[in-house]
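Work through the exercises below with the model open. Each task is followed by its solution.

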Amino acid sequence: MTITNQQHHRPAIEWLSDLQRAKVEGMSGTKPKITIQDLIEKVNDPNAPEQALIPTSPRSVEACFRLGVDPIELQFHPIAYYKYTGDTDEIARIRYEKNEQVRRERIKSLIDLRKRLVDDGWTGEPGRTAGASAKKIPMGGSNENRPNSSTMVEKERQRLDVLRKRHEREIAQMIAHEAARKELADKQQRKVDALEARAAEMARQKAEHDREWMVRQRELELQRLREQKDLEREGKRMAEERYRRERDAQRAKEEEEKRMKKEAYLRELERRQRTLEHRAETERILSDQAERVRLRKQAMEVADAERSKRLQQEAHDRHLANLEKRKKAEERINSALQANSEILRKKREEFIRRERDAEARRMELERQERLAMEQRRQQEMQREQERHHKYLTAQELEEARKKALRERAEAKERELAELAASRKREMDIRRVEREFELKRRLDRVDEISKVHLYQRQALLERIMDDYERTRQMMRERQLLMRVRKDTNMAASMQRQQLALAMEQLRNARSLERLAGANGTVNAEALMRRPATARV
């Protein structure tokens with residue numbers, strides 16, 4: 001199978017990066033937002049450039065992400081694009097119809113999914129999960145509801161101011177009620193310690209919970225990756241097993257067809273061999289018959305020559321015998337003299353008559369023999385003509401039989417050619433269907449791999465977002481802890497100063513000496529008073 005226009009998929013990383021770049025350009029306003037509906041006219045143009053087929057609308061790009069569809073593969077191709085080397089127009093048309101149906105289904109799926117995204121109110125804004133249709137509230141509250149560091153520090157400062165004023169009021173009250181103030185200060189200190197311990201415990205539990213959650217998320221991600229790899233390996237193994245079975249079946253079928261063709265070829269060779277043998281046998285019989293006729297004719301000619309020679313010899317012998325007899329007769333006549341002249345005359349006359357009769361008989365015999373020879377020659381010629389006619393009839397019958405055999409062979413060859421063309425068409429159609437089914441499976445595997453890549457990318461972005469948010473919370477928590485630490489240190493210093501001031505109050509002999517110009521005891525002035533001052 002020779003394929004010249006086989007379409008290959010782009011790498012998933014390249015597909016993801018191109019669509020993400022187009023999405024960013026569309027959301028930032030660098031390029032106008034182009035939807036799937038806007039690209040329908042361009043994808044139907046087989047000469048359109050590839051970069052012009054990539055949408056920039058966030059919803060259209062999200063639809064491509066979720067379905068794992070490469071918009072470049074949605075470009076229309078004419079029937080000539082699907083006609084490979086050695087294919088017929090019908091096979092190219094079948095391949096074109098199947099691929100065009102898949103292309104239209106993909107476009108319709110993208111349009112329907114984009115419409116659902118519009119109906120669900122999906123906008124593709126940063127900070128929202130790409131795979132969810134509803135809003136999700138992150139752990140710990142939203143960014144708008146969570147106070148920033150400066151607000152928390154300001155509130156802490158206000159709380160310290162309130163605490164300082166309360167301390168001043170307590171110092172004023174401890175002038176008359178030292179025991180109650182001391183007990184209240186101890187109770188307040190225990191409350192602050194409990195709050196700090198509780199805050200530290202909550203921070204430790206939160207950090208431990210965050211670590212456990214991140215570990216679980218990492219384990220889940222690794223488990224999903226392992227399951228995905230197992231599924232990919234299993235799919236690849238099943239595809240290879242199916243391809244191997246189909247290849248073995250195809251090889252067995254091809255071997256069976258080769259065997260059948262070989263047997264038909266051997267049968268044809270055997271039939272031709274029998275025809276040649278039959279023709280050779282016929283020619284041999286005819287040549288044998290012609291040879292027998294020639295030999296018989298030659299034998300007849302030899303017999304005729306011998307017969308003529310024998311007749312001539314017999315005539316010569318008879319002539320010699322007659323001369324001998326004549327001589328003896330003359331001698332007897334001479335010896336008998338004239339007494340026997342009359343008898344001799346009579347005998348001579350009788351002899352002459354017998355000679356004439358013998359000559360007449362000889363001539364009649366020769367004439368009869370010539371007539372018989374002519375009759376035999378005519379009969380032989382007639383038999384030769386009959387044999388020649390039979391030979392011509394046999395040749396005509398042989399030619400007619402050859403013609404009938406050729407016609408049957410041509411009809412058989414036409415039937416075999418039609419059957420072979422029909423089988424080839426069916427095999428080509430099945431081959432196209434197998435190629436299309438394999439292509440659909442590979443397309444599905446490519447779509448699934450792209451969807452998984454997008455999901456992994458989205459999950460990684462969510463993990464990084466949660467990680468950055470967690471780091472920001474940790475930084476704010478550390479800042480708050482430093483502020484609280486500074487506040488606690490300041491409060492501790494104030495408590496020490498307050499203890500010194502209370503010691504001064506306890507050691508003071510007269511409160512009037514500690515009073516200010518207005519006659520009241522100022523807590524701040526008392527705490528700023530040196531510890532070595534005498535009252």
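**Exercise 1: a helix pair**

Trp15, Leu16, Leu19, Gln20, Lys23 and Met27 in H1 meet Pro58, Val61, Glu62, Cys64 and Phe65 in H3; contact means heavy atoms within 4.5 Å. The model is predicted: local features need pLDDT of at least 70, side-chain atom pairs count only at pLDDT 80 or more, and totals for chains, interfaces and linings use all residues. Residues are numbered from 1 along each chain as its sequence is written, and side-chain values use heavy atoms, without hydrogens and water.

Task: describe how H1 and H3 pack, by class, angle and handedness.

Solution.
1. Sort the contact by class: eight residues are nonpolar, one is polar and two are charged. Here Ala, Val, Leu, Ile, Met, Phe, Trp, Tyr, Cys and Pro count as nonpolar, Asp, Glu, Lys and Arg as charged, the others, Gly among them, as polar.
2. Take the axes of H1 (residues 12-28) and H3 (residues 58-67): they come within 9 Å and cross at roughly 165°.
3. H1 and H3 are therefore roughly antiparallel (over 145 degrees).
4. H1 passes H3 in a left-handed crossing (the near helix is turned anticlockwise from the far one by less than a right angle).

**Exercise 2: a helix span**

Task: compare the reach of H4 with its expected span.

Solution.
1. H4 covers residues 89-119, 31 residues.
2. From first C-alpha to last, H4 reaches 44 Å.
3. The expected value is 45 Å at 1.5 Å a residue, so the reach is close to it (1.5 Å times one less than the number of residues).
4. Just after H4, Gly121 takes a positive phi of about 80°.

Conventions. Axes fitted to C-alpha atoms, helices over the stretch in contact; angles between N-to-C directions. Helix = DSSP H or I, 4+ residues; strand = E, 2+ residues; numbered from the N terminus. Parallel < 35°, antiparallel > 145°, perpendicular 65-115°, else oblique.
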